[in-house]
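Take a walk through this fold, from a helix to a sheet and on to a pocket. Keep the sequence beside the model as you read.

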Amino acid sequence: METISWNDFEKVELRVGTIVKVEPFPEARVPAYKLLVDFGEDIGTRKSSAQITALYNPEELLGKQVVGVVNFPPKQIGPMRSECLVTGFYRPDGVVLAVPDKPCPNGLKLG
């Protein structure tokens with residue numbers, strides 16, 4: 001594992017957002033959902049593709065708060081342009097979302 005400085009860590013904008021829309025993403029090579037995440041007034045809503053279909057259904061995702069990286073450049077994923085990275089932990093049976101354990105204002109920065 002490579003050691004990073006505090007300055008390196010501060011460059012990553014990890015923010016809390018609320019999933020406000022979930023759609024299937026049948027064009028994805030790996031099963032995924034299209035998500036729309038509200039990161040608050042300053043950042044707004046961002047689109048993301050998330051490979052979380054093994055452990056989550058759309059109904060339980062709607063309204064869930066997640067931690068996302070909002071300062072990566074947009075990435076083209078098939079016909080969709082992803083504007084943020086929703087974070088999670090890789091288990092053998094699927095990805096578990098990184099979430100706050102108590103409600104937070106959208107846009108709040110992890111630090």
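**From helix to sheet to pocket**

Asp8 and Lys11 both sit in helix α1 (residues 6-11), three residues apart, about one turn of the helix. Helices (H or I, at least four residues) and strands (E, at least two) are DSSP runs, numbered from the N terminus. The model is predicted: local features need pLDDT of at least 70, side-chain atom pairs count only at pLDDT 80 or more, and totals for chains, interfaces and linings use all residues. Residue numbers start from 1 along each chain as its sequence is written, and side-chain values use heavy atoms, with hydrogens and water left out.

The side chains of Asp8 and Lys11 form a salt bridge, 3.9 Å from N to O. A salt bridge here is a side-chain nitrogen of Lys or Arg within 4 Å of a carboxyl oxygen of Asp or Glu. The structure holds five of these salt bridges. Asp8 is partly exposed, at 33% relative accessible area. Lys11 is exposed, at 57%.

Next comes Glu13. The closest N and O atoms of Glu13 and Arg15 are 2.5 Å apart. Glu13 also meets Lys109, at 3.4 Å from N to O. Glu13 lies in the loop between α1 and β1 (14-24), and Lys109 in the segment after β9, so this pair ties together parts that are 96 residues apart in sequence. Glu13 counts as buried, at 19% relative accessibility. Lys109 is partly exposed, at 38%.

Now the sheet. Strands of a sheet pair through backbone hydrogen bonds, either parallel or antiparallel. Five strands make an open sheet here, in the order β3-β2-β1-β4-β7, with antiparallel pairing. Two strands count as paired if DSSP finds at least two bridges between them. The edges are β3 and β7, each pairing on one side only.

Follow the bridges from β1. Six join β1 to β2 (residues 33-38). Glu23 has Lys34 in β2 as its bridge partner. Five bridges join β1 to β4 (residues 65-69). There, Gly17 stands opposite Val66 in β4. Further along the sheet, six bridges join β2 to β3, and Leu35 stands opposite Ser48 in β3.

Rolling a probe the size of a water molecule over the atoms shows where empty space is left. The largest pocket has a volume of about 680 Å³. Of its 27 lining residues, the closest to the centre are Ser49, Ala50, Gln51, Ile77 and Leu85. A pocket is an open set of points on a 1 Å grid over the protein atoms alone, where a 1.4 Å probe fits, with protein on both sides within 12 Å along at least five of seven lines; lining residues have an atom within 4 Å of a point. Grid points are joined across faces, edges and corners, and the volume is the space filled by probe spheres set on the points.

Which strands each supply at least two residues of this lining? They are β3 (45-50), β5 (75-77), β7 (85-86), β8 (88-91) and β9 (94-97). By class, the lining has 16 nonpolar, seven polar and four charged residues. Nonpolar covers Ala, Val, Leu, Ile, Met, Phe, Trp, Tyr, Cys and Pro; charged covers Asp, Glu, Lys and Arg; the others, Gly among them, count as polar.

Notes: Buried < 20%, exposed > 50% of the residue type's maximum accessible area, 1.4 Å probe, protein only.
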